[in-house]
Amino acid sequence: MARIRLGRPSLRTTLLTLLVGLLLTTVFSLAAVVQVGVSRIVDEMESRSFTVGALAVGTQVDAFFAPTLPLLQESVEQVQRSRLRVDDVEDLSEYLVGRLRRARSVGWLSYSDEATGRFVGAWRRADGAIILNRSRPDVDGGRPFEVEVTSDGRRIPFARDLPGGYDPRQRPWYQQAVATPGVTWTQPFEFNEGAFGVTAALALRTPVTNELLGVFTADFFLDDISAFLASTARATSIGSVRLLVLSRDGVVVADSTGRPDALATALAGQGARMLPGGFAAVHAEQPIAVGFALDGDRYIGAFQVVGSDGGPEWIAAVLMREDEVLQVVYETRRGALSLGLLFLTIAVILGSILAHRVAVPLTMVARDLERVGRFDLSAGPSPSSFVEEIAVVGNSVDRMKSGLRSFARYVPTEIVGDLLAGGDEARLGVQYRRMTIHFSDVAGFSRIAEHLPPERLIEQLSEYLLEMTTILREEHGTIDKFLGDGILAFFNAPHDVPDHVRRACMAAVRCKARLDELNRAWEGAGRSAFHVRIGLHVAETLVGNVGTPERFDYTVVGDPVNLASRLESLSKLYGTCILTSEEVRREAGPGFAWRTLDRVAVVGRERATQVCELLGEEATLPPHIAHARDLYERALDAYVAGQFSEAAAGFREAAAIWPEDHAAVELAERAAGLAHAPAPDGWDGVYAQTVKL
């Protein structure tokens with residue numbers, strides 16, 4: 001650790017001596033040398049850099065729309081040469097999907113039939129998946145039907161809420177294509193599903209009679225165009241340059257900073273007022289450079305027409321605040337200072353040596369402090385310095401790192417690291433969020449623990465917890481805490497998880513499958529198998545920092561958490577693995593296999609809960625279990641209706657098909673016990689759980 005020595009000059013004295021000496025030597029020579037080319041540099045940057053930038057952006061935008069014209073023309077030619085049959089929906093669908101996969105910039109590719117109004121289209125989802133869309137005015141009220149088409153040709157159901165009554169022949173783009181020879185481009189408009197974009201359309205006609213058969217279209221989402229401009233802006237390396245695409249009447253179509261905002265519209269309008277003749281004066285041959293003021297800021301840029309290769313005739317704008325452009329001027333000014341090196345030789349040599357001895361220790365200390373901000377504590381000591389203040393700072397940093405290393409042995413470093421990185425102080429407080437609660441426990445863990453040495457028990461339990469929590473995190477779950485061998489987790493906090501119910505169900509199914517694999521390995525090694533019980537419930541739940549001002553946890557509290565715990569414990573009674581509430585089943589979405597198990601008033605709740613068993617994924621459910629499930633649910637309906645003899649027989653039949661089903665045996669015994677007496681008064685089929693399991 002560096003030791004502080006007395007008698008060193010202070011940082012203030014050192015810097016003042018350096019600055020005064022350099023200023024006296026250089027101020028007069030710098031004033032003359034630097035000012036020579038400043039105004040000329042600014043003019044040159046306005047007239048050349050931005051016009052070149054506009055040309056480059058125009059070229060990039062042209063390239064973005066370049067596939068449109070040949071793609072539409074090829075589609076028409078394929079039909080006219082009888083290589084593509086538009087009346088064969090499957091052939092047409094495969095063609096549109098295949099072409100869309102290759103045309104990466106196109107958002108939609110479709111065909112609309114004149115005779116029937118049938119619409120067949122393929123569009124690209126945000127994650128790159130291809131969705132096939134079909135509709136016909138006389139089928140299902142014109143409501144579109146959609147499926148996802150995978151790269152290997154499989155079709156997966158895909159559902160979203162789309163309005164009905166769709167007839168493409170009534171759309172302006174269709175009528176515009178019919179009335180226009182060749183490819184026509186629309187102004188930006190709202191698509192049927194709510195997204196905004198533009199459409200390039202080309203009418204399909206018979207070669208001989210010129211009879212209208214339909215219209216091919218290629219659509220572009222405005223968000224995709226803005227994203228394309230954003231990537232182009234990042235590649236320009238011009239700083240915070242703003243790229244816009246405008247229509248001929250000045251409407252902002254796309255913006256490199258995201259969806260067009262009020263500033264983009266104001267920039268376009270002010271730029272148009274600076275152009276002689278407005279946007280009508282902008283042409284494709286040569287960009288026009290402009291400079292103007294807006295809200296007290298100076299802007300410079302250039303406008304260039306794009307769309308010469310079959311794309312829409314729009315205007316590309318490259319705009320930037322003048323003070324940001326002057327950063328380049330400042331760099332150029334530093335280069336011009338080399339002309340004064342003859343006058344600065346002695347001062348620069350002296351200043352460089354002194355600055356180096358001051359700056360290097362400070363830089364190293366600053367980097368060390370930056371690592372401390374990430375809770376990454378370096379082992380080495382801070383550098384020494386002849387300046388007293390720098391030496392004091394270095395010594396203090398060393399003491400601080402030593403204290404933090406000790407502190408890290410008492411608290412979790414991840415929590416401290418997050419607080420240091422965020423710069424915010426954690427506070428008590430909770431909020432209501434709709435979340436899916438996951439509660440799991442190992443069945444008979446106490447019995448297993450009695451027969452295992454502590455070292456092997458902890459090793460096996462740690463392996464189990466690691467595998468389960470890995471799956472939960474992969475499905476965007478948050479681990480609240482470990483309750484011995486139990487896990488409390490939740491979905492949709494602290495970050496939004498839109499499909500949190502589906503992910504929670506998938507996590508439970510995956511945990512069960514992974515535990516089956518672990519059990520086979522453990523049993524093969526002579527270890528005890530673990531059997532997990534999982535309870536899931538979704539509801540509005542309190543979540544946040546709970547505890548005291550001195551210590552608290554980020555956790556969930558309330559009745560939904562208790563219900564998830566009760567569902568987990570109910571598995572002891574029914575011999576099941578994954579129990580959920582009816583709300584989870586209703587919101588989980590397709591793809592899962594379920595069984596309505598019972599109606600239970602769990603301990604601590606007067607209201608009955610419809611208890612459901614998540615059997616796994618529908619596609620992998622064995623047929624005999626599916627059959628037993630159906631028999632069980634019919635027997636349960638009879639049980640609720642008070643037909644106990646019929647219910648008992650149905651439960652026994654289900655148990656015979658699925659002997660491992662303890663729930664069927666339990667309900668059969670319960671129904672048989674009620675069969676010899678009339679149904680109790682007010683019978684509603686609810687099983688009242690009176691004690692915790």
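Q: What does N210 count as at 47% relative accessibility?
A: At 47%, N210 counts as partly exposed. The cut-offs are under 20% relative accessible area for buried and over 50% for exposed, with partly exposed in between (1.4 Å probe, protein chains only). This is a predicted model, where local features need pLDDT of at least 70, side-chain atom pairs count only at pLDDT 80 or more, and totals for chains, interfaces and linings use all residues. Residues are numbered from 1 along each chain as its sequence is written, and side-chain values use heavy atoms, with hydrogens and water left out.

Q: What about the phi of N210?
A: Phi is positive there, about 60 degrees, although N210 is not a glycine. N210 sits in the loop between β8 (196–205) and β9. Strands here are DSSP E runs of at least two residues, helices are H or I runs of at least four, and both are numbered from the N terminus.

Q: And H476, what's its phi?
A: It's near 65 degrees, a positive value in a residue other than glycine. H476 is in the loop between α13 and β16 (477–483), and at 44% relative accessibility H476 counts as partly exposed.

Q: Which residues does the cis peptide bond join?
A: A493 and P494, with omega about 0 degrees. P494 lies in the loop between β17 (486–491) and α14.

Q: Switching to salt bridges: how many does the count come to?
A: The count is 31 salt bridges, a salt bridge being a side-chain nitrogen of Lys or Arg within 4 Å of a carboxyl oxygen of Asp or Glu. Some of them link up in a network made of E474, E475, D499, R502, R503 and R510.

Q: What's E90's side chain doing with R134?
A: They meet in a salt bridge, 2.9 Å from N to O. E90 is in helix α4 (residues 89–102) and R134 in strand β3 (residues 130–135), so the pair ties together parts 44 residues apart in sequence.

Q: How far apart are the closest N and O atoms of E90 and R155?
A: 3.0 Å, in another salt bridge of E90. R155 lies in strand β5 (residues 155–157) and E90 in helix α4, so here the parts tied together are 65 residues apart in sequence. Both ends are partly exposed: E90 has a relative accessible area of 39%, and R155 has 32%.

Q: What about D661 and R595?
A: Their side chains meet in a salt bridge too, at 2.6 Å from N to O. D661 is in the loop between α18 (644–657) and α19 (662–674) and R595 is in strand β21 (residues 592–601), so that pair ties together parts 66 residues apart in sequence.

Q: Are those two buried or exposed?
A: D661 is buried at a relative accessible area of 3%, and R595 is buried at 0%.

Q: OK, cavities. How many of 30 Å³ or more?
A: Two. On a 1 Å grid over the protein atoms alone, a cavity is a set of points where a 1.4 Å probe fits but cannot get out, a pocket is an open set with protein on both sides within 12 Å along at least five of seven lines, and lining residues have an atom within 4 Å of a point. Volume is the space filled by probe spheres set on the points, with grid points joined across faces, edges and corners.

Q: What's around the largest cavity?
A: The largest cavity is about 210 Å³ and is lined by 19 residues, with W108, F119, Y166, N192 and E193 nearest its centre. The lining divides into eight nonpolar, five polar and six charged residues. Nonpolar covers Ala, Val, Leu, Ile, Met, Phe, Trp, Tyr, Cys and Pro, charged covers Asp, Glu, Lys and Arg, and the others, Gly among them, are polar.

Q: And what lines the second largest cavity?
A: H438, S440, Y464, M468, L472, I487, C511, V532 and I534. That makes seven nonpolar, two polar and no charged. Helix α13 gives the largest share, three residues, and the volume is about 40 Å³.

Q: Last one: how much space lies in the second largest pocket?
A: About 660 Å³. Its lining has 32 residues, with K512, C577, E613, L615 and W658 nearest the centre, and α14 gives the most to that lining, with six residues.
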